[in-house]
Amino acid sequence: MIRLFNQYVRVPYLVLGVIEFLVVLLAVQLGAFVRTQMTGWDGIIPHGLSVVLVGAAVLVSIMAMGLYQSRLRDGFEGILVRLGVSCAAAMLILSLIFYIFPSLYLGRGVLGLAMLLSFVGMASVRFFFLRVVDVQVLKRRVLVLGAGKRAANIYKRIRRKADQRGFYILGYVHVHGERDTIPDSRAVHLDGSLTDYVVENEVDEIVVAIDDRRQKFPMDDLLNLKLNGVDVVDVMTFFEREMGKIETQMLYPGWLVFSEGFDRGAVRNLSKRVFDISASLTLMLLTWPVMLATMLAIRLEDGAAAPFLYMQRRTGLDGEPFEVLKFRSMIENAEKHGAVWAQKDDMRVTKVGAFIRKYRIDELPQLINVLRGEMAFVGPRPERPEFIGELTEKIPYFNERHRVKPGITGWAQLCYPYGASDEDSEQKLQYDLYYVKNHNLLLDFTILIQTVEVVLFGRGR
């Protein structure tokens, strides 16, 4: 892991991205060469900017398909499908760019060959990557200091091999005076000092997960190891880095006060506003036919006089209320008996509503909310005031999600499946807090690109 622009980036995936970018650049050159040999044309030399544009388009498309996410669980066949879709999407993007800027045009033959060669090259790289990324010798060796309740949180959430991509947990060190809740097979009982064990087992990182640090805290050992190059991190930082969320069950105010993040400066606010307006106007231009078709479909199903828009009060920045706009996906007067949680297979949802909710078309009118400044393009989903009071009482730190503007899409929607209960709200809050703490343009752009995968595969909400 390295921290880049305030985001944790996995080095293997960063290296993979660079390699695949270079593969695409080489594929364009080979495509031009092959096309020259096939046609007998002389001097087909791709413009340097055109070559870079092809690489960038493919890379963005791959990101949109979720192929740089460590939580991706598809097998090699699934990865091939996503790579194929990525190349097809890149061709559409490039066709639009070349139409607007004809001087950069590569030619259909060269572009087609480049995409084919790119697909073959990236598939080969991915085949090798899947077999190397989980090799034990390349993984960071992690030792958890503690075997009590805090350590058990790590064990329960990160015990599968698939959850330990890029690192390997050697064990959980028993601390004197702490009751172990870790299985005996994973507990480590030291015969000597902590330093000796770390050196003998070539530990790269220690995660401090002691329940009560006032008792038997090995400060001398940790300081010695830290000064000798062993990374020492708090359990909260470990969770934030490896899982992209902030564990509310272990969260304490002191960690929030002294940790990095929570930037709300003038430059950040201005850049985010420019991003929101640009993204919203672009999406409006691309989706206006879809929005028009949605209006007609709602009217055809429910009658010419039926409303196609639905306004609902939500809570925005700093707790200020506003009216969110959505395409109506439920029957009229669906909440005549009061506000209730929306369910996954809600009987109130119409046939058209089920379709537009699956592909998040019902969210498109919220682009107007973004242009008004009531919402951002990326941020925590806006919650209803009727539920906030109850959720705030049940879930610690719930109100902190209102420190930024709510968004059309967000980190929680990418990382957590559909859910509409108190427990789901608590789980989503952990991802929302991660966004509130670490948001910047890079994270916003990453979420925006990866939302394409959510829409295409109809997951999340």
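Mentor: Start with Pro 218, which touches Leu 145, Leu 194 and Ile 210, leaving aside residues up to four places away in sequence.

Trainee: What makes this "touching"?

Mentor: Contact means heavy atoms within 4.5 Å. Pro 218 sits in the loop between S6 and helix H7 (219-227). Its C-alpha atom is separated by 9.9 Å from that of Thr 195, 23 residues apart along the chain. The model is predicted, with local features needing pLDDT of at least 70 and side-chain atom pairs pLDDT 80 or more, while totals for chains, interfaces and linings use all residues. Residues are numbered from 1 along each chain as its sequence is written, and side-chain values use heavy atoms, with hydrogens and water left out.

Trainee: Why is Gln 312 called buried?

Mentor: Buried means under 20% relative accessible area, exposed over 50%, and partly exposed in between (1.4 Å probe, protein chains only). Gln 312 has 9% relative accessibility, so it counts as buried. This residue lies in strand S8 (residues 309-315); helices (H or I, at least four residues) and strands (E, at least two) are DSSP runs, numbered from the N terminus.

Trainee: What joins the side chains of Gln 312 and Arg 314?

Mentor: A polar contact of 2.5 Å joins them. The term needs a pair of N or O atoms within 3.5 Å; within protein, one must be able to donate a hydrogen and the other to accept it, and residues adjacent in sequence count only if both atoms are side-chain atoms.

Trainee: Is Asp 432 buried or exposed, and how do you know?

Mentor: Its relative accessibility is 4%, so Asp 432 counts as buried. Asp 432 is in helix H15 (residues 422-438), and touches Pro 380, Arg 401 and Ala 412, residues up to four places away in sequence not counted.

Trainee: Why are the buried residues of H11 said to line one face of the helix?

Mentor: In H11 (residues 351-358), the buried residues are Val 352, Gly 353, Ile 356 and Arg 357. Seen down the axis of H11 they fall within an arc of 125°, so they line one face; the arc is that of the directions from the helix axis to the C-beta atoms. Helix H10 (266-302) and strand S9 (321-327) are included in what covers them.

Trainee: What caps the N-terminal end of H11?

Mentor: Thr 350 does, with a side-chain oxygen 2.9 Å from the backbone nitrogen of Gly 353. After H11 comes Arg 360, with a positive phi near 60°. Arg 360 lies in the loop between H11 and helix H12 (366-372), and counts as buried because its relative accessibility is 7%.

Trainee: What makes Lys 272 and Asp 444 a salt bridge?

Mentor: A salt bridge is a side-chain nitrogen of Lys or Arg within 4 Å of a carboxyl oxygen of Asp or Glu. Here the closest N and O atoms are 2.9 Å apart, so the pair qualifies. It links distant parts of the chain: Lys 272 is in helix H10 and Asp 444 in helix H16, 172 residues apart. Lys 272 counts as buried because its relative accessibility is 10%, and Asp 444 likewise because its value is 0%.

Trainee: At 3.8 Å, N to O, which side chains meet in a salt bridge?

Mentor: Those of Asp 362 and Lys 326, and 3.8 Å is within the 4 Å limit. Asp 362 is in the loop between H11 and H12 and Lys 326 in strand S9, 36 residues apart. Both are buried, with relative accessible areas of 0% for Asp 362 and 13% for Lys 326.

Trainee: Why does Glu 390 count as partly exposed?

Mentor: Its relative accessibility is 40%, so it falls between the 20% and 50% limits. Glu 390 forms a salt bridge with Lys 394, the closest N and O atoms being 2.8 Å apart. Both lie in helix H13 (residues 385-394), four residues apart, about one turn of the helix.

Trainee: How many salt bridges are found in the whole structure?

Mentor: The search finds 19.
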